[in-house]
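The stops below go through aromatic rings and the charges over them.

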Amino acid sequence: MFTVCRSSKLYSTAIGSGLKQQIAGRFAFPERFRGTFVERWKQYWESVAKDYYEATMSIGTYIRENPVKSLLTTAIAGCAYYCAATNPDERSYRSELLDCANSMLYIPPAVQNPSAVRRLEYLEQCYNMGVIKRLNLLFFSIMWIDEFNENVQAYKANCKYLKPSVLSVHERAVDFGFINVWWNLRKTMVDYDINPEEWKDYKGPE
């Protein structure tokens with residue numbers, strides 16, 4: 001097995017050297033540019049291309065020798081990239097909140113879920129006060145409530161020792177965004193058109 005791998009490496013090296021000699025012979029460097037900036041620039045990019053070629057060959061060899069580990073690494077990297085690419089931003093949260101509020105307008109007040117109404121009104125009030133903020137954690141985001149608006153110039157609002165720390169964000173969090181979904185808003189809108197108190201005083205037929 002070792003002999004076969006070593007032979008394949010020697011064969012690929014020989015192929016690479018032969019290809020390089022063919023390219024060098026086909027594209028001969030003009031004599032008038034030797035020793036100038038053009039030649040140094042050419043040597044630099046040849047060195048860069050060689051480094052990329054060797055790195056690519058090394059990766060291919062590693063994948064052939066460790067197929068399971070390579071597949072697992074690729075899957076994890078793909079999942080991480082997907083999570084980062086679908087990390088929702090503050091604009092999407094605002095849009096989702098407005099959609100939820102508009103959906104609530106189509107429901108008569110008598111059948112609206114009181115807890116969902118209170119939640120949406122609270123979030124809208126926070127937006128009007130300018131205290132709702134987004135914490136971007138690359139793969140997911142957290143919407144949280146700050147104490148002051150960015151325009152407030154009070155000492156407590158600007159002193160870094162009095163500002164809420166990152167470790168306390170979970171206590172102020174109002175929503176969690178992951179793969180383009182704001183999960184707390186989605187949970188709030190479950191049964192938003194069902195008022196559990198609507199039939200509380202209803203008495204069945206006697």
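Over the face of which residue does R186 lie? Select R186 and W183: R186 lies over the face of W183, at 5.3 Å from the ring centre. A charge sits over a ring if NZ of Lys or CZ of Arg is within 6 Å of the ring centre and within 35 degrees of the ring normal.

The model is predicted, so local features need pLDDT of at least 70 and side-chain atom pairs count only at pLDDT 80 or more, while totals for chains, interfaces and linings use all residues. Residues are numbered from 1 along each chain as its sequence is written, and side-chain values use heavy atoms, with hydrogens and water left out.

Next, show the aromatic pairs, of which the structure holds 6. Rings of Phe, Tyr and Trp (its six-membered ring) pair if their centres lie within 6.5 Å; planes under 30 degrees apart count as stacked, over 60 as edge-to-face and the rest as tilted.

Select Y93 and Y127. Their ring centres are 6.4 Å apart and their planes are at 25°, so this pair is stacked. Y93 belongs to helix α4 (residues 90–105) and Y127 to helix α5 (residues 114–129), so the pair ties together parts 34 residues apart in sequence. Helices are DSSP runs (H or I, at least four residues), as are strands (E, at least two), numbered from the N terminus.

The ring centres of Y93 and W182 are 4.9 Å apart with planes at 75°, so the pair is edge-to-face. W182 is in strand β4 (residues 181–182), 89 residues from Y93.

Now select R94, which lies over the face of Y127, at 4.4 Å from the ring centre.

Last stop: W41, Y44 and W45, linked into a cluster by ring pairs.
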